[in-house]
Amino acid sequence: MCASNHTVDSGSSSRSRSEHPPLRCHCNQVAPLRTVRFNGGRNAGRAFYGCSGWPDSCGFLRWVDEVDELRDMEDKLMEAATENAELRLQIDQLERRVRELLNSSKNKQEQIEELAIESDVMRERMYSAYADRNSSSSSRWIW
């Protein structure tokens, strides 16, 4: 950019940038938001961040729309990372619950097996007692 053909104004954007740290130029100074003022140029009215020492500066220039795109991508990446972390937490909780249910199921299965064994033992005792009672009562009646 030629200084005689372009002028630069500091300005503010309608879009909130408070959620992002300010851009810094190569001089490590905050790069203010500026607007190209040029009669008929293709970048006329285009907003950019430029070195605060312009025109005798480090030459730092970043177009606002490009910075906004990068920041939007960063925001989306951060949202995706947060959602991923939340989903990972839910998966961990579900896996823990599945383990608890499997252990509970295993314990219930063991209890069922124990009760089945007890039932078999009781059934044998009952049949044995029934058989003993029938054999003793039939021997009483036999002459």
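Reader: Is Arg97 buried, partly exposed or exposed?
Author: Arg97 counts as partly exposed in this predicted model, because its relative accessibility is 45%.

Reader: Which residue does Arg97 meet in a salt bridge?
Author: Glu100, with 3.4 Å from N to O. Both residues lie in helix H1, 3 residues apart, which is about one turn of the helix. Glu100 is partly exposed too, at 42% relative accessible area.

Reader: How many salt bridges does the count come to?
Author: The count is 6. Another one of them joins Glu95 and Arg88, with the closest N and O atoms 3.8 Å apart. Glu95 is partly exposed at 38%, and Arg88 is partly exposed at 41%.

Reader: Which pair links distant parts of the chain?
Author: Asp65 and Arg46, whose closest N and O atoms are 3.2 Å apart. Asp65 is in helix H1, Arg46 in the loop between strands E2 and E3, and 19 residues separate them.

Reader: Switching to rings. How many aromatic pairs does a search of the whole structure find?
Author: The search finds 1. The ring centres of Phe48 and Trp63 are 5.8 Å apart with the planes at 75°, so the pair is edge-to-face. Phe48 belongs to strand E3 and Trp63 to strand E4, so the pair ties together parts 15 residues apart in sequence.

Reader: Is Phe48 buried or exposed? And Trp63, buried or exposed?
Author: Phe48 is buried at 3% relative accessible area. Trp63 counts as buried at 13%.

Reader: What sits over the ring of Trp63?
Author: The charged end of Arg46, 4.0 Å from the ring centre. Arg46 itself is partly exposed, at 26%.

Technical notes: Residues numbered from 1 in each chain as written. Predicted model: local features only at pLDDT ≥ 70, side-chain atom pairs only at ≥ 80, totals over all residues. Heavy atoms only, no water. Phe/Tyr/Trp six-rings, centres within 6.5 Å; stacked < 30°, edge-to-face > 60°. Helix = DSSP H or I, 4+ residues; strand = E, 2+ residues; numbered from the N terminus. Buried < 20%, exposed > 50% of the residue type's maximum accessible area, 1.4 Å probe, protein only. Lys NZ or Arg CZ within 6 Å of the ring centre and 35° of its normal. Salt bridge = Lys/Arg side-chain N within 4 Å of Asp/Glu carboxyl O.
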